[in-house]
Amino acid sequence: MAATKAKLTYFGSRGLAEVIRIIAAEAQIEYEEISVGSWHPTDKSDAFKQFVADGVLAFDALPLWEEGSLKLVQSAAIVRHLARTRNLYGANVEEAALCDIVHEGLIDFASTSRAYRNASAENKEQVREQLLTKDWPKFFGQFERLLSKNEEGKGFFVGKQLTFVDLLAWYWLENLCSQPLGLTFNEYPLLKSFKERIESRPRIAAWRTSSARPPLQLYF
């Protein structure tokens, strides 16, 4: 590992960097956070434009993770790098492959919320109903089933130790429960107890209430 402190550059919000922050909290990774201001779809800050002009961002997008001479972009790539180097990617190559499966499922699940954010004002309520009654219940049922196949749903998604996909799944559950949607997960008892187990971990609990954590963004 690099002797110098790592750096995370992002906007002043949770967004795509929040999972990176959560992993860093659990793995006790010290890092400096650099904010380029508030995110806006078209009105980009001068600080962000400078990163683009410098050619640091492979796809002209943040987050950026710097660790010694290594500069990583694309949030999923950063997450997997941190998982590989901090013992959060399973106990062997088979478990790592299973983590990849869950990770891909979580990416598919996360992508569904974009339909609401991209919907026109007159269609938002229809899209919201589709998510709450069809799209999300399908994924919740699949994640519930995945949990049930490992340690009878009393542990983690993969293997017998925490992996990065547990932290990703927890973040999405926490985020949805914090939105004004009325979600309780009472009909998915394994997911509900999983969420409670992860957020009771001391380092995760500390991050949840940390003054350094960016404020919740309400999407719905």
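**Pocket, cavity and contacts in a predicted model**

Q: What gives the most to the lining of the largest pocket?
A: Helix α4 does, with 5 residues. Helices (H or I, at least four residues) and strands (E, at least two) are DSSP runs, numbered from the N terminus. The model is predicted: local features need pLDDT of at least 70 and side-chain atom pairs 80 or more, while totals for chains, interfaces and linings use all residues. Residues are numbered from 1 along each chain, and side-chain values use heavy atoms, without hydrogens or water.

Q: What makes up the rest of the picture of the largest pocket, in volume and lining?
A: About 920 Å³ of space lies in the largest pocket. The lining has 32 residues, and Tyr10, Gly15, Leu16, Arg114 and Trp172 lie nearest the centre. At least two lining residues come from each of α1, α3 (75–85), α4 (93–111), α5 (114–118) and α7 (164–178).

Q: Why is one space called a pocket and another a cavity?
A: On a 1 Å grid over the protein atoms alone, a cavity is a set of points where a 1.4 Å probe fits but cannot get out, whereas a pocket is an open set with protein on both sides within 12 Å along at least five of seven lines; lining residues have an atom within 4 Å of a point. The structure holds 1 cavity of 30 Å³ or more, and the largest cavity has about 50 Å³ of space.

Q: Which residues line the largest cavity, and which elements do they come from?
A: The lining consists of Leu106, Phe109, Phe140, Phe143, Phe157, Ala169, Trp172, Leu173 and Leu191. Two or more of these residues come from each of α4, α6 and α7. The largest share, 3 residues, comes from α7. Trp172 is listed for the cavity and is also among the residues nearest the centre of the largest pocket.

Q: Why is the pair of tryptophan 136 and phenylalanine 220 called edge-to-face?
A: The search of the whole structure finds 18 aromatic pairs. In this one the ring centres are 5.4 Å apart and the planes stand at 85°. Rings of Phe, Tyr and Trp (its six-membered ring) pair with centres within 6.5 Å, and planes under 30 degrees apart are stacked, over 60 edge-to-face, the rest tilted; the pair is therefore edge-to-face. Tryptophan 136 is in helix α6 (residues 124–148) and phenylalanine 220 in the segment after α9 (202–208), so the pair ties together parts 84 residues apart in sequence.

Q: How do you know whether tryptophan 136 and phenylalanine 220 are buried or exposed?
A: Buried means under 20% relative accessible area, exposed over 50%, partly exposed in between (1.4 Å probe, protein chains only). Tryptophan 136 has 1% and therefore counts as buried; phenylalanine 220, at 16%, is buried too.

Q: What makes glutamate 174 buried, and what is it in contact with?
A: Glutamate 174, found in helix α7, has 4% relative accessibility and so counts as buried. Neighbours within four places in sequence aside, glutamate 174 is in contact (heavy atoms within 4.5 Å) with Arg14, Lys195, Arg208 and Arg213. Its C-alpha atom is 8.7 Å from that of glutamate 199, which is 25 residues away along the chain.

Q: Why is serine 13 called buried?
A: Serine 13 has a relative accessible area of 11%, so the residue is buried. Its place is the loop between β1 (6–10) and α1 (18–27). With neighbours within four places again left aside, serine 13 is in contact with Arg21, Pro214 and Gln217.

Key:
Grid points are joined across faces, edges and corners, and a volume is the space filled by probe spheres set on the points.
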